[in-house]
Amino acid sequence: MIREPRRVSVGDRLYGWLLLLVGGAVAFVSLWIVLPIPSGRLLPLAVLAPEMSPWVMVLGAGVVALAALRFRHNPALRVAMASGVLATALALLPIAQLRGTAQRFDRDMAAALGPGHEARVPSAVRARWRETHTSVAVIVRGARLDPVRETFGVPFAAPAGVTLRTNVFRPASGGSPAPILVVIYGGAWRGGSPSQAPQLSRYLASRGYAVFAVDYRHAPAFRHPAELEDVRTAIAWVRAHASEYGADSSRLSLLGRSAGGHLALLAAYEPGAGRVRAVIDFYGPADLAGGYAHPPRPDPLGVRPIIAQFLGGTPLQVPAQYRDASPITYVRAGLPPTLILHGARDHYVLADFSRDLDRRLRASGDTSVLLELPWSEHGFDFAYQGIGGQLATYEVERFLDWANARP
């Protein structure tokens, strides 16, 4: 007796195709956990996929479970299930590395800052620290913050007729003057604004910092050193107006992302720079001649033209500009403590240059901590609630509190 194949109803077909659509989308997103991006347009996916891998895993497992309910009688569900399995497997890669990476970060911090470094921070400050590196609750709903006062668009300079402004985040409650953090945004020196990625600024303000996110002029209309001059002007303005915002001008640190990380390092390292407590560099280019000579492969941003526009030519044409604009040029003993955060899979600024900067700083006797996230792309912290963003926040807070507790 020959059994006729069971006919698939219209409802089952629709169910299968919808689940195949969802599974295919989740699988496509998960591919960028391991594949290098060929185009800058895919950077958001390459950032979000590994950082939000717990969500990708849940969605992939959900597709597998729903496909299993009617798996036998619907061919579309077999493909959907395969897509869900692929997404779940790829999403597990960053998750599997998370605990070991967090433990390595703690060891590296302790080795660089010295034994008992946390005990040097006042107990009242340590009481505010997060207890865990990452949290499912933060991934789902974000970190809970104490009230913060925010002031946007405060003008601080107008070089060449370009009005530069700062956004200020500070604790809502009064008290003793707050340590200062000046934040410098990224954007390949060509774009961006002080409103970029405000979550970390709000978090640190809720933890007692006065955070000033500052602006600067952009290339190619304005070339180096215009951007650095604007950052110096911003720092001087912040120091002069610190008391108006309940801030302590003697405890000032710098934080920058990408091009902003480069400017933060320069502002802290150049001879004659005003003393800062610490500098935090998120994936900033430290060696511009090296970056021009060895661009990433693939190179979705087009690194060479960007650097050439910023500096006014190639390394052969303007070698002095490349030397003067590279933070690595100014490495010497006596620099402020430096925290460097970089994704190992960065296809905009290679992690090799941050590794070289860290080695040179430590060889000069300076305090340097390099925290390298093995799964992360350029801009990983823009996914603030993601696993890399949480790890970064955990370490940045402790590093800053340690630096501000030093004499």
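**Loops, helices and salt bridges**

Trainee: Okay, proline 225 sits in the loop between strand 4 (210-214) and helix 8 (226-241). What's omega for the peptide bond from histidine 224 to proline 225?

Mentor: Keep in mind that we're looking at a predicted model. Most peptide bonds are trans. The bond from histidine 224 to proline 225 is cis, though, with omega near 15°.

Trainee: And what's omega for the bond from arginine 297 to proline 298?

Mentor: Find proline 298 in the loop between helix 10 and helix 11 (303-311). The peptide bond that joins arginine 297 to proline 298 is cis, with omega near -5°.

Trainee: While we're on backbones, what's phi at serine 258?

Mentor: Serine 258 is in the loop between strand 5 and helix 9, and it's buried, because its relative accessible area is 13%. Most residues other than glycine have a negative phi. Serine 258 has a positive one, near 55°.

Trainee: Is tyrosine 283 buried or exposed?

Mentor: Look in the loop between strand 6 (279-282) and helix 10. Tyrosine 283 has a positive phi too, near 45°. Its relative accessible area is 1%, under the 20% cut-off, so tyrosine 283 counts as buried.

Trainee: Which residues does histidine 262 contact, apart from neighbours within four places in sequence?

Mentor: Start in helix 9 (residues 259-269), where histidine 262 is placed. Histidine 262 has a relative accessible area of 0%, so it is buried. Leaving out those sequence neighbours, its contacts are Trp189, Gly284, Pro285, Leu288, Phe310, Ala325 and Pro327.

Trainee: How do helix 2 and helix 3 pack: what's the angle, and how would you describe it?

Mentor: Helix 2 (residues 43-51) has its axis 5 Å from that of helix 3, at an angle of about 75°. That value falls in the 65 to 115 degree range, so helix 2 and helix 3 are roughly perpendicular.

Trainee: Which helices each supply at least two residues of the nonpolar patch?

Mentor: The patch covers about 400 Å² of surface and is made by Trp55, Val58, Val136 and Val140. Valine 140 is in helix 6, and it counts as exposed because its relative accessibility is 52%. The helices that each supply at least two patch residues are helix 3 (53-69) and helix 6 (136-141).

Trainee: Are arginine 257 and aspartate 381 buried or exposed?

Mentor: Their salt bridge has its closest N and O atoms 2.6 Å apart. As for accessibility, both arginine 257 and aspartate 381 are buried.

Trainee: Why are arginine 360 and aspartate 356 about one helical turn apart?

Mentor: Arginine 360 and aspartate 356 form a salt bridge, 3.4 Å between the closest N and O atoms. Arginine 360 is partly exposed at 40% relative accessible area, whereas aspartate 356 is buried at 19%. They are about one turn apart because, in helix 13 (residues 351-363), their separation is four residues.

Trainee: What's the N to O distance in the salt bridge of aspartate 358 and arginine 362?

Mentor: These two are also in helix 13, four residues apart. Aspartate 358 is buried at 6% relative accessible area, and arginine 362 is partly exposed at 46%. Their side chains meet in a salt bridge with an N to O distance of 3.0 Å.

Technical notes
Residues numbered from 1 in each chain as written. Predicted model: local features only at pLDDT ≥ 70, side-chain atom pairs only at ≥ 80, totals over all residues. Heavy atoms only, no water. Patch = residues over 30% accessible without salt bridge, like charges linked within 9 Å, V, L, I, M, F, W, Y side chains within 5 Å. Areas by Shrake-Rupley, 256 points an atom, 1.4 Å probe, with all protein chains shown as cover. Salt bridge = Lys/Arg side-chain N within 4 Å of Asp/Glu carboxyl O. Buried < 20%, exposed > 50% of the residue type's maximum accessible area, 1.4 Å probe, protein only. Contact = heavy atoms within 4.5 Å. Axes fitted to C-alpha atoms, helices over the stretch in contact; angles between N-to-C directions. Parallel < 35°, antiparallel > 145°, perpendicular 65-115°, else oblique.
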